[in-house]
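Have the sequence and the 3D view open while you read this.

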Amino acid sequence: MENCNFQELDSIIEKYRDKSGNLIPVLHEVQNKVGYLPMDVQKYVAAKLKVPFSKVYGVVTFYSFFSTTPKGKHTIGVCLGTACYVKGVEGIVEKIKEELEIETGGTSNDGRFTMTITRCLGACSMAPVMMIDEKVYGQLTPEKIPDILDKY
Amino acid sequence: MLININHRQYEAQPGQTILDIARANGIEIPTLCHHPALSIAGACRMCVVECDNRLVASCTTPARDGMEILTDSKRVIGGRKTILDLILSDHPLDCMTCEANGDCKVQDLAYQYDLRESSFGSKRESRFSIRADNPFLEVDPDKCILCGRCVRVDHEIQCSYAIDFVHRGFDSIVGTPFEEGLDGDNSTCVFCGQCVEMCPTGALTYKPSKGKGRDYEFQKIVTTCPYCGVGCQLELHVKDNKVIKVGSVYQVGSPNPVGETCVKGRFGYGYVNHEDRLTTPLIKRNGQFEEVSWDEALDYVAQKLIQIKEIYGSKAIAGFSSAKCTNEENYVMQKFIRAVVGTNSVDHCARLCHASTVAGLARAFGSGAMTNSIGEVEESDVIFVIGSNPTENHPVIGSKIKRALKKGAKLIVADPREIELTGLADVAIYQQPGTDVALVNGLMHVIIQEGLYDQTFVEERTVNFELLESIVAGYNPEKVSAITRVPAKDIIRAARLFASANKGSIYYAMGITQHKTGTDNVLSLANLAMLTGNLGRESTGVNPLRGQNNVQGACDLGALPNVYPGYQAVNLPENKAKFEKAWGTQLSDDIGLTVVEILNAAGKDIKGLYIMGENPVLSDPDQNHVIAALESLDLLVVQDIFLTETAQYADVVLPAASFAEKNGTFTNTERRIQRVRKAIDAPGQSRYDWEIICDLAQRMDYAMSYDSAAEIMEEIAELTPIYGGIHFDRLEGTGLQWPCSSREHQGTKFLHQGQFTHGKGKFHTVSYIPPAEEPDSEYSYLLMTGRMLYHFHTGTMSRRSPAIDQYEPDAYVEINLADAKRLGIEDGERVRVTSRRGEVETYARVGERVQEGQLFMPFHYAESPANRLTNPVLDVIAKIPELKVSAVKLEKVNM
Ligand code: SF4
Ligand code: SF4
Ligand code: SF4
Ligand code: FES
Ligand code: FES
């Protein structure tokens, strides 16, 4: 682990020691600090909290807000709900993949973007829709994608 | 209360679920995720029933008074079919080639509910890949129904936490962290196979038995594990005279009630059908073994033994009996040596493991065995483990200790190495090897000083307290700390914690016994237990964990040079008279020689040696000396299932039957006499050990013959008070624990209730004496020897069990990281370990299991025999050698 030293995690772990149900909050804070939850970090948390490693990994892979791979600076969430699907969101996905040279779930080489697929974002009237961080972009066409990405 | 099921009334107890009541009354409700020994998951919903007009899961719904239940209404059937339909929609239709065919609940239910294919369409493409990167288990997530039974048995019974549900939703599977697999670097799986036993489908299966037979083709025989002293009950699955796999036995009251086993019990059966098995008697002529007939071999042995007896007298002959053989065989062997040969020099490998226990506990309490029962550890509130590594050497007990911890028990671990339990301990102590007396005296010092001892118990049940007090007064924590290198504060913490126990139990093994001061070590632990009043009650006691499957029984049946069966001293005239009458011959009242003494006298006072199922070339200290001793004999007879390292030196080799091929009994570490049942026929001309010996006795003009093992046990029961009530017809089910004096006696779960076997418990004063060899400038490392999880004893069995040997093929020495750095040794490199007695090359295993300056070698490996290095110096009382401490040199081998 290059970008984190474990002592920094100790204060987080210390805060939750001996509290039941502490695993998820600890992982949350640790992820905020480190950016993601690689193997070494999970092992460290497991050993410190005296929780089996298999359980930590189970929890990390169960909740979608945890990630075991580095996250880009910005997260793109492309909606694959029914409305967006019907309006051809697949073309959008393809375009993003092509622009950033990544696969779904992956992070671009320059570390700017991570692309994920989401369920209905509740903005069906604007379909097809995607979100970048907190901002929603609607009525997308593949042609609009490069300009949008360039803003980040 | 009363509940109504299918319009009939049934009695129900509070806390019972609908499923419990239905099952208790023989009403069938299908389940997938439920198992009575595991927590309730309520995951599969297959157990739905109609309850007051709603569909509920019967395994999670508690019974209420007056409930109306229907278990097979139309709605119920419809509900179950829907669930099954969903399961099948994500399950390959693979029954044709599936290992689990015939032993799969999904298949059974599909058959029962007549579902050929899912109405949602079938799963034609796999979504996952099969994982089979280890030699033991295969995992096929496509067949997993996510019932979670594997996860629960791993967490709740085995306590290994190797697997869990990972990923979410449709991708959810049972897996290991980062998909590394069960044999991954970070895996805690120990290949006990309990998850496979629990899996209702073909998602988890055994690799070694793959393609070798269907469940319905097997004959299933319940027997006792041939490896360690836990005595797990196993179910051998047999086809075409071969053991194909080992299943679990679920039986309340067994040492492994939930079908627990370790990797050896589960996968260590390959040796039984191994091509190396001896199949004919052999006689060595001109340095070569020649196959001969039984008549020729036995005539030869008989004539030679008679000759030695005539020329040198009976005392020139000795016998090694076997902790691997049955009780009946040990009885026959010692009877042969005593009644036919006419000497008491019969001993066995207990001399190398627990002779000091037998001697020490008999002195303290009057009875030299584990005081309490295995299952009781789960209810102890403080557990003190010293010189024992249960999670590797008695793994099923190791798991029970972990279960006790889950229930809140506290743990003290004292071991020079960082063993698995050290990591779970409330107080972890790393004493210098060989300083146990000082450590335990130190604990007692604190307990007495602080007034924490059990005054009532000491006054009412023991003698010699004043002597103890005066001796341990000299062991204050500072002094003890200087000897043991344990910080004084840890000594004080451990003492206070153990003294605080309501039910404190002590568990120990060879770390205590295999010392020049082995008997003293045992006496110290007996002192500690008496001082704190932890005896004669459930979940307390002094509990030696015996190594071999039947080392307890071999001792019980008199394969010891000083006692007849049942620990009746050979030098007491009334005992001699009793056995002379029973055996119809004159007996000797001279105490015989022990294992190491016999080898020391070989070629001199001992001319002939008869070894049944022992391998001293690998198991006894100072291998070069052992080999020289065997070579100097006029006659060496070895009766075994393989041509062992020892058998190579024999003049005559006699092929015997393995545990799977015979009837009899083993006595486990908790004094439980359990049945061994014949599952297959012995290969070639090999015969039962007892038969061979009886046949030989006949040729030496002593009438000895039995029709069966059961008949031998009848004779044992007559002559052995502690086995007085043991008869084969009483041993079905969970067997009996001795003392069991008569047919009516129900056996004894724990010893010394109310009073000790010899009345009052005796405190013994023991002082610390340093080990015989200590590191010096030339031999600067301290070497310990021992066992590891995957192999057993001299490896004759485990190393011929392919899955196990594939997984753990090489010998090694554990070296501390700092020492390795200093010597420029990398993990996995070849190193040479040298003692004053010999040298051995092996692989380095670098890490932090051992302390700086210390080394550990398992002794299972013929190619790197640890016992070439060990010190044969003996404990004066028990004559056990100091296998745990030798001074050695360590060097890197330059290739
Ligand atoms: S084999 Fe034993 S230790 Fe390994 S995952 Fe299965 S239950 Fe756990
Ligand atoms: S592997 Fe077997 S036991 Fe484990 S969850 Fe899947 S079906 Fe159940
Ligand atoms: S070796 Fe011991 S713990 Fe393992 S299965 Fe056999 S008896 Fe049980
Ligand atoms: S389906 Fe895309 S926003 Fe609703
Ligand atoms: S058996 Fe009841 S929910 Fe699975």
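## Chain A

In chain A, the C-alpha centres of domain 1 and domain 2 lie 31 Å apart. Those two domains cover 6–62 and 74–150, with bounds that come from an automatic or database domain assignment. Just so you know, this is a predicted model, in which local features need pLDDT of at least 70, side-chain atom pairs count only at pLDDT 80 or more, and totals for chains, interfaces and linings use all residues. Residues are numbered from 1 along each chain as its sequence is written, chains are lettered from A and ligands numbered from 1 in the order in which they are written, and side-chain values use heavy atoms, with hydrogens and water left out.

Chain A has 7 helices and 4 strands. Along the principal axes, the C-alpha atoms of chain A fill a box of roughly 50 × 30 × 25 Å.

## Chain B and its domains

For the complex, the predictor gives an ipTM of 0.80 and a pTM of 0.90.

Chain B is split into domain 1 (2–72), domain 2 (282–353 + 550–734), domain 3 (368–544) and domain 4 (781–892). The C-alpha centres of domain 2 and domain 3 of chain B are 36 Å apart. Their contact takes 7 residues from domain 2 of chain B and 13 residues from domain 3 of chain B, where contact means heavy atoms within 4.5 Å.

## Around the ligands

Let's start with ligand 2. Among the residues around it are Cys144(B), Cys147(B), Cys150(B) and Cys199(B); a residue counts as near if one of its heavy atoms lies within 4 Å. By class, this ligand 2 shell has 10 nonpolar, 2 polar and no charged residues. (Ala, Val, Leu, Ile, Met, Phe, Trp, Tyr, Cys and Pro count as nonpolar, Asp, Glu, Lys and Arg as charged, and the others, Gly among them, as polar.)

Ligand 1 is surrounded by 13 residues, and the closest are Asp154(B), Cys189(B), Cys192(B), Gly193(B) and Cys195(B).

## Two crossing helices

Now look at H4 (residues 149–158) and H12 (residues 395–406) of chain B: their axes come within 8 Å and cross at roughly 85°. (Axes are lines fitted to C-alpha atoms, for helices over the stretch in contact, and angles run from 0 to 180 degrees between N-to-C directions.) H4(B) and H12(B) are therefore roughly perpendicular, a label for angles of 65 to 115 degrees. On the H4(B) side the contact uses His155(B), Glu156(B), Ile157(B) and Gln158(B), and on the H12(B) side Ser399(B), Arg403(B) and Lys406(B).

Which way does the peptide bond from Ala127(A) to Pro128(A) go? That bond is cis, with omega near -10°, and Pro128(A) sits in the loop between strand E2 (113–118) and strand E3 (130–132) of chain A. The bond from Trp738(B) to Pro739(B) is cis too, with omega near -5°.

Definitions and conventions: Angles under 35 degrees count as roughly parallel, over 145 as roughly antiparallel, 65 to 115 as roughly perpendicular and the rest as oblique.
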